[in-house]
Amino acid sequence: MITDVMKYDTVALDDENNAVVIIDQTLLPGRTELISLTTAKEIWDAIYLLKVRGAPAIGVAAAMGIYILSKQLDTEDFEVFYKKFCEYKEYLDSSRPTAVNLSWALKRMEATALRAGREEQKSVAEVKEILHMEAVRIRDEDIQVCRKIGENALLLVKPGDGILTHCNAGKLAAVRYGTATAPIYLGQERGYGFRVFADETRPLLQGARLTAFELFASGVDVTLICDNMSASVMAGGLVQAVFVGCDRVAANGDTANKIGTSVVAAVAKYYDVPVYICAPTSTIDMATPTGAEIVIEQRPSHEVTDMWYRERMAPEGVKVYNPAFDVTGHDLISGIVTEYGIARAPYTESLKEIMERKQRGGQSAESGAVPQGAEPAAGSR
Ligand code: MRU
């Protein structure tokens with residue numbers, strides 16, 4: 001048992017012991033324990049059972065996981081190695097369907113293996129070392145990307161503002177800063193004095209168990225509310241902005257995030273509170289045209305009827321509907337905050353510009369050429 005969750009990365013690599021080390025989030029907030037995952041089944045289960053969860057953290061866990069698994073393959077033949085690598089990749093990719101970071105990270109690892117093994121004719125031992133470096137790079141990038149999202153999102157609020165967030169897009173959903181919490185942590189460092197409202201987020205309580213936990217542990221002014229209280233705090237003028245994370249952003253800006261996000265967004269529109277999606281570009285899926293094409297994960301009924309209760313809280317046999325995510329239409333979204341700047345409507349144009357900016361390594365952000373509603377990144381004006 002460890003005592004200070006903020007001192008540990010959400011996902012880490014223990015290369016010596018061939019393990020991915022995670023904070024087991026199903027035990028929080030009561031117990032903070034690190035667990036080591038060494039087999040494909042352990043990694044798959046940890047993702048499916050939400051021991052590690054949140055789009056960026058799942059991506060990092062999958063990248064480290066496939067490195068650990070492929071490292072142990074006993075062959076000198078790249079094609080034999082690659083065949084088994086692909087089996088692991090497909091298996092890990094099947095653990096959760098909605099967060100695009102999972103398949104994004106696995107595809108990136110596959111492309112790395114192919115480039116090294118086929119194109120550059122490296123030995124299998126060298127390919128393994130290159131995969132190691134790529135997994136670490138994906139982890140390191142996550143930390144930097146979240147910090148940049150925080151800097152950009154900070155431009156949208158002012159000291160003393162009330163911020164509402166849903167689910168956990170925090171440190172526990174990424175490696176360090178989180179996405180939606182990055183501006184909150186940066187604001188905390190700079191004495192902004194934000195007042196944060198954390199939706200408890202039924203049915204799995206990520207807001208209560210994880211967001212309230214990590215913000216409270218960090219000394220942020222956080223107030224926990226039930227999911228049906230967002231209208232009350234907004235009507236009372238206590239919230240100036242909503243910051244949430246996302247699992248997949250479609251090319252038109254429609255955004256899949258934790259179930260209930262679209263309810264918050266609809267309420268926020270009614271009360272004229274802006275809703276910002278904090279999105280690493282790894283979560284933007286330009287191959288998915290609209291939210292209608294996003295596959296929404298359905299979870300087991302006991303999560304609604306039994307989990308977290310001392311005894312079952314619904315009649316035996318009652319029908320249960322338990323989608324893990326919903327899609328917030330782009331018309332309810334005031335801005336999508338990425339590490340390359342803030343996309344504004346029309347999102348088909350601004351997201352394209354953001355992704356092009358990424359391809360160019362952020363040059364247009366630096367040059368100030370920002371067409372079609374995409375705002376430059378903080379520090380690039
Ligand atoms: O089911 P979860 O807990 O993995 O859902 C997490 C969310 O919906 C987060 O808001 C999203 O992944 C963004 S995390 C930076």
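Biologist: Which residue in β14 is the bridge partner of I336?

Modeller: Start with the general idea. Strands of a sheet pair through backbone hydrogen bonds, either parallel or antiparallel. In this predicted model, the partner of I336 is A343.

Biologist: In what order do the strands of the open sheet lie?

Modeller: Read across the sheet, strand by strand. The order is β6-β5-β4-β7-β10-β13-β14-β15. That makes eight strands, and their pairing is mixed. Now look at the two edges. They are β6 (221–225) and β15 (374–375), and each of these pairs on one side only.

Biologist: What is the mean pLDDT of the protein?

Modeller: The mean is 94. A pLDDT of 70 or more is reached by 94% of the residues. One stretch needs care: residues 363–372 have pLDDT below 50. In the model, that stretch makes 20 contacts beyond near neighbours in sequence. Where pLDDT is low, the predicted coordinates should not be read in detail.

Biologist: Which domains does the assignment give?

Modeller: It gives domain 1 (5–145) and domain 2 (156–360). Their C-alpha centres are 25 Å apart. Then look at the contacts between them. Domain 1 contributes 32 residues, which touch 37 residues of domain 2.

Biologist: Why does the largest cavity lie between domain 1 and domain 2?

Modeller: Check who supplies the lining. Both domain 1 (5–145) and domain 2 (156–360) give residues to it, so the cavity lies between them. Helix α2 (55–71) and strand β9 (255–258) each supply at least two lining residues. The largest share comes from α2, with three residues. By class, the lining has 11 nonpolar, eight polar and four charged residues.

Biologist: What is the volume of the second largest cavity?

Modeller: About 60 Å³. Residues that line the second largest cavity include L50, R96, K258, R299 and E303. P203, L204, I259, P323 and A324 are also among them. The classes of this lining are six nonpolar, two polar and four charged.

Biologist: Now the open spaces. How much space lies in the largest pocket?

Modeller: About 300 Å³. The lining of this pocket has 18 residues. W104, E141, D142, V145 and E339 are the closest to the pocket's centre.

Biologist: Which elements give two or more residues to the lining of the largest pocket?

Modeller: Three helices do: α2, α4 (100–119) and α5 (124–154). Helix α5 gives the most, six residues. Then read the domains. Domain 1 and domain 2 each supply at least three residues of the pocket lining. Finish with the classes. This lining has seven nonpolar, five polar and six charged residues.

Note on methods: Residues are numbered from 1 along each chain as its sequence is written. This is a predicted model: local features need pLDDT of at least 70, side-chain atom pairs count only at pLDDT 80 or more; totals for chains, interfaces and linings use all residues. Side-chain values use heavy atoms; hydrogens and water are left out. pLDDT is the predictor's confidence in each residue, from 0 to 100. Contact means heavy atoms within 4.5 Å. Helices (H or I, at least four residues) and strands (E, at least two) are DSSP runs, numbered from the N terminus. Ala, Val, Leu, Ile, Met, Phe, Trp, Tyr, Cys and Pro count as nonpolar, Asp, Glu, Lys and Arg as charged, and the others, Gly among them, as polar. Domain bounds come from an automatic or database domain assignment. On a 1 Å grid over the protein atoms alone, a cavity is a set of points where a 1.4 Å probe fits but cannot get out, and a pocket is an open set with protein on both sides within 12 Å along at least five of seven lines; lining residues have an atom within 4 Å of a point. Grid points are joined across faces, edges and corners, and a volume is the space filled by probe spheres set on the points. Two strands pair if DSSP finds at least two bridges between them.
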